[in-house]
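I opened a new page for a structure I had not seen before.

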Amino acid sequence: MRDNKPFSFKIYKLIGFRIKRLERRLELIIFKDTKNRLIEFLNELCHDYGYDCEKTGNKIINHPYTQKEIASLIGTSRPTLNVSLNELKEENFIDFNRNQITLFKNFA
């Protein structure tokens, strides 16, 4: 790594981004309620797995997670996650099924 400075810089940058992301997740778990943690997590999922629907302009997220895994990642129980998802669905912010979440244009 000493001889290849561009490579070592990229590694440091990658580690820095991961630490920053972990700090942000920890901050979310400590200071925000379940619904806000879910919204932030959905925004991260959108960034990682999402794309724009050409017909509607909505964001489509094809994700690999189960509800149990999502609940674990945001620090809540699966039933509480399900309640929060259903609240967002009733407010017409999202629609979801097993492996896909649609974020409508009015999503926060």
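These are my entries, in the order I looked things up.

**Entry 1: the model.** I noted at the start that this is a predicted model.

**Entry 2: the elements.** I looked up the secondary structure and found 4 helices and 4 strands. I then read their order from the N terminus, which is α-α-β-β-α-α-β-β.

**Entry 3: overall dimensions.** I checked the radius of gyration, and the protein has 17 Å. A compact globule of 108 residues would be near 13 Å. I also looked up the C-alpha trace, which spans about 55 × 35 × 20 Å along its principal axes.

Entry 4: I asked what share of the 108 residues is buried. The share is 27%. Next I took the contacts with a separation of 6 or more, and residues 24 or more positions apart account for 48% of them.

**Entry 5: helix 1 and helix 2.** I picked helix 1, residues 5–31, and helix 2, residues 34–49. Their axes come within 9 Å and cross at roughly 155°. Angles over 145 degrees count as roughly antiparallel, so helix 1 and helix 2 are roughly antiparallel to each other. I also noted the handedness: helix 1 passes helix 2 in a left-handed crossing.

**Entry 6: who makes the contact.** From helix 1 I listed Arg21, Arg24, Arg25, Leu28 and Ile29. From helix 2 I listed Arg37, Glu40, Phe41, Glu44 and Asp48. I sorted the residues of this contact by kind and got 7 charged, 3 nonpolar and no polar.

Methods
Residues numbered from 1 in each chain as written. Predicted model: local features only at pLDDT ≥ 70, side-chain atom pairs only at ≥ 80, totals over all residues. Heavy atoms only, no water. Axes fitted to C-alpha atoms, helices over the stretch in contact; angles between N-to-C directions. Helix = DSSP H or I, 4+ residues; strand = E, 2+ residues; numbered from the N terminus. Parallel < 35°, antiparallel > 145°, perpendicular 65-115°, else oblique. Left-handed = near helix turned anticlockwise from the far one by under 90°. Contact = heavy atoms within 4.5 Å. Nonpolar A, V, L, I, M, F, W, Y, C, P; charged D, E, K, R; others polar. Rg over C-alpha atoms; globule rule 2.2 N^0.38 Å. Buried < 20%, exposed > 50% of the residue type's maximum accessible area, 1.4 Å probe, protein only.
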